[in-house]
Amino acid sequence: MYKFLWRSILLLTIASGVNAQPDLSYYLPEGVTYNPNIPTPQSVIGHQVGEWHVTHDRLLNYMHALDKASNRISLEISGYTHEARPLLLLTITSEKNHRDLESLRTQHNLLTDFKKSVDLDLKNMPTVFYIGFSIHGNEASGVNAGLLVAYHLAAAQGEEIEQYLNNTIILFDPCYNPDGMQRFSGWVNARKSKITSVDPLDTEHNEVWPGGRFNHYWFDLNRDWLVAQHPESRARVSNFQKWKPNVLTDHHEMGTNTSFFFQPGVPSRMHPLTPEKNLELTKRMGEFHAKALDDLCALYFTQEGYDDFYYGKGSSFPDAQGAIGILFEQASSRGHAQESTNGILRFPFTIRNQFVTALSSLRAINAMRIDLLEYQRQFYREAATESAKDPVKAFIFSSKDKVRAHELCQVLNRQDIDVYSIKSNQTVQNKSYSQASSFIVPMNQRQYKLIKSMFEKRIQFKDSIFYDISSWTLPLAYGVAYDALKNLPALGEKITSEQLPPGERIGGKSDYAYVFESVGYYSPRSIYRLLSHGLRVKVATQPFYRADGKKFDPGSILIPLSDQDKHAEQIEFLINEIVTKDGIDVYAFQTGLDYKGSSLGSSNFLTLKKPEVAMLMGDGFSATDAGEVWHQFDTRFHIPLTLLPVDVFNRSPISRYNTIIIPPTSGTFQISEGAKEKLKTWVQNGGVVIGLEGALNWLNTVGLGKFGMKKDEVKKDSSVARPYGLINAYSGAQETSGAIFQANVDLTHPLLFGYYNNTMPIFKSNNLFMEKTENPYGNPIVFSPDPLLSGYISKINYSKLKNSSVAGVSFYGQGRVIGFTDNLCFRGFWYGTNKILMNAVFYGWLINSASGR
């Protein structure tokens, strides 16, 4: 009755233009009493839930207050974001369970051990429920609903909540993405009027670039569950693997003109490794969500739009690990209230939907407790059976670049996957795997299905539409050699160290010169460190040899010791840093004489310039692609990168830079005509422009690039009839959402310095297909005639992809314009192509003009 009256009052206040703010009674279930000793959200954060967007500091204060007041809650800090905000995890359960928490966790984990799980009694075993909110920081109804969920779990009284807490251990993550959430809450709160504007054009509803969706480096954290490249992801993945939950829920928002979505997604787009039983249980849980939303007369939909294919998303990640992942998507007010096709969408309404589905999840988990526990037990028993039948008994991988192999080991370890060294050299498919640099992943371990998803190549699919990428084969992403083994060889030591193995100093100390190969992933970091300290550094453009006969390929780095401005002790310190911090072997040369290749004084060694790099940013550019470049420069190679807003670029001199990166764009960014001429003059005078993906079309348009693209050849045949209802399905099937292709590479080209295989896996997530140039020296990276390694691409696009070029170089005056059709830094985990971009930065200026387009 009270809620009916409140809605009536709300309608009247809307009509009069006055804002009405609901109190707790609008959200909380009727008939439940609450412990008065537990603080309400308002008593700590200073406003009603939904009146303002809660800021991260106030969210933290409230969680700490609940921890202090309630014996149902224990709080821990599981990590820190890039901006040093704490990542909280609240364990919420009955007081009785808290007293025996570690024992319960240990017993629960036995469900994943097919040998020990047989004798477990499930009748009195609690389920483990991981619930988290707003991994996209501007999808704020989730994190604000989290205030209410935490309050309800801490303060609700009665038999029902006591039963739920006895039967459930809740891992409560109040905010998956604190940095993005704080960015967004600051934006909307600072632009809120006393009379709330519902106009979609109002500034409150239109964030500035890059918006609050992403983390500090503009990454989408909901694509990072599997590879965990960021501290936020590593914290939650660690919690997940520690507890092995039965259910994980993930609260999101979607477009303002939609309603509410809960899983399952499109059934035909579920990953084949996910058991059908998962879908059945997800549907059963969906009935609880439907009931909760029906009671509110709220609209919703399911089994449309979203899918469960890529295991790197929060709602799919559990599906490969014996758990149920549930995605919730609420139409977003993107502020405090906004017009929509369904009427005015108010922030409190969106919060309430998230709140009631959090409670319906808890209700479903308790009703289905035995089934969920039994499903987890059966999942791992079946995985063990499948592993025993699988002809592949292990995967072996190796790399001359110890960093890429090391980082792949770290990804596997974070996901509770055992990796070992090998006891002896192995030969597989005529490839040699040395004991010193090879690793092996046995398949007979509990994460069998997750391992399979990480290492498999898949080119057959039930559906041709993907919400996200269609392939993520990790050995290909890391650019390591790998093979499937039909027999498991003797295992060496288990890999557990997070420390990068150091390099070696070979030949001791020198008074003449030092040399290192640029094979090592961190070689750009080493080069920049030397240049930033004022050392003269040279790169070899032709092979040369050491006195002991060792060959050094083009791209090897020479540090001559004569006429340097640093003392010998300072140089020795920097050489040691290359060895210890970057894991690179450094060779001492006692002579410059070389009769087999180039002597060290040859003009085949070119002196390098210190890069001074800027990257354009702002409206019209892809924030995630730009963020990937920024992240690579900043966190891995420790190279300063100026993030240059377009409006600042338009009005400022650019002579201080020698390299400018233009990230992917649709061409809508606003560079003035004067700035275009300024850029052309800068290139004419020797500047290097690096264009990525869609930026190539813009470079062509302004006359700086000569990157000819293959045109769409769509033949409209009126005799071929298609049902109107399949328009979206057909157009969706033409999207290349993310697949892996093989390219042939020219190892003598400066863009490929430091690489050593004639072929390379390239990740492609667009429909840009560059024509090869007729210049025989100008196609350093070209897709092979039959390039598909893993993933989906339509027949039309595949024909255009074959033999197309990935990279091209145009010349403009004394400068170079380098273009790449594909993402070389994809989501931070595509290590295999990262150094191509850095090669363009360090060596772009020395590319011979005779190789141009």
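Two strands pair if DSSP finds at least two bridges between them. The legends below describe close-up views of a predicted model.

**View 1. The open sheet of 6 strands.** Strand β29 (residues 659-662) pairs with strand β30 (residues 688-692) in the parallel sense, over 4 bridges. Within this pair, Ile662 has Gly691 of β30 as its bridge partner. Both strands belong to an open sheet with the order β28-β27-β29-β30-β35-β34, in which the pairing is mixed. The edges are formed by β28 (641-645) and β34 (807-812); each has a single partner strand, so one side of each is left without a neighbour in the sheet. On average, neighbouring strands of this sheet are turned by 20° against each other, direction ignored.

**View 2. Helix α19 and its surroundings.** Helix α19 (residues 623-636) has 14 residues. From its first C-alpha to its last it reaches 19 Å, close to the 20 Å expected at 1.5 Å a residue. Of the 14 residues, 11 are buried, so α19 is largely enclosed by the rest of the structure. Among the buried residues are Ala623, Val629, Trp630, Phe633 and Arg636. The buried residues of α19 pack against α17 (523-532), the strands β27, β28, β29 and β30, and helix α25. His638, which follows α19, has a positive phi, near 55°.

**View 3. The largest nonpolar core and a second one.** In soluble globular proteins, nonpolar side chains tend to be buried together. The largest nonpolar core here has 152 residues, and the members that touch the most others are Phe397, Phe633, Leu679 and Phe820. Helix α25 gives the most to this core, with 7 residues. A second, separate core has 71 residues, including Phe133, Met181, Phe262 and Ile351.

**View 4. Strand β4 between two parallel partners.** Strand β4 (residues 127-133) is mostly covered, with 7 of its 7 residues buried. β4 pairs in the parallel sense with strand β6 (residues 168-173) over 6 bridges, and Ile131 has Phe172 of β6 as its bridge partner. β4 also pairs in the parallel sense with strand β7 (residues 247-254), over 5 bridges. In that pair, the bridge partner of Phe129 is Val247 of β7.

View 5. Helix α11 (residues 276-295) has 20 residues, which should span 28 Å at 1.5 Å a residue; the end C-alpha atoms are 30 Å apart, which agrees. Its buried residues include Leu279, Thr282, Met285, Gly286, His289 and Leu293. An α-helix has 3.6 residues a turn, so residues three or four places apart point the same way. The buried residues of α11 pack against the strands β7, β8 (260-262) and β9 (324-331) and the helices α12 (347-367) and α13 (369-389). Cys297 follows α11 and has a positive phi, near 60°.

**View 6. Ser197 in a loop.** Ser197 lies in the loop between α9 (178-190) and α10 (231-243). Its relative accessibility is 17%, so Ser197 counts as buried, the cut-off being under 20%. The side chain of Ser197 reaches the backbone nitrogen of Asp199 at 3.4 Å. Leaving aside residues up to four places away in sequence, Ser197 touches Asp202, Glu204, His205 and Ala337.

**View 7. Glu577 in helix α18.** Glu577 lies in helix α18 (residues 568-582). With a relative accessible area of 12%, Glu577 is buried. Arg529 and Asp582 are the residues that Glu577 touches, not counting those up to four places away in sequence. Pro502 is 75 residues away from Glu577 along the chain, and the C-alpha atoms of the two are separated by 9.7 Å.

Conventions: Residues numbered from 1 in each chain as written. Predicted model: local features only at pLDDT ≥ 70, side-chain atom pairs only at ≥ 80, totals over all residues. Heavy atoms only, no water. Axes fitted to C-alpha atoms, helices over the stretch in contact; angles between N-to-C directions. Buried < 20%, exposed > 50% of the residue type's maximum accessible area, 1.4 Å probe, protein only. Contact = heavy atoms within 4.5 Å. Polar contact = N/O pair within 3.5 Å; in protein donor to acceptor, adjacent residues only side chain to side chain. Expected span 1.5 Å × (residues − 1). Core = buried A, V, L, I, M, F, W, Y, C linked by side-chain atoms within 4.5 Å.
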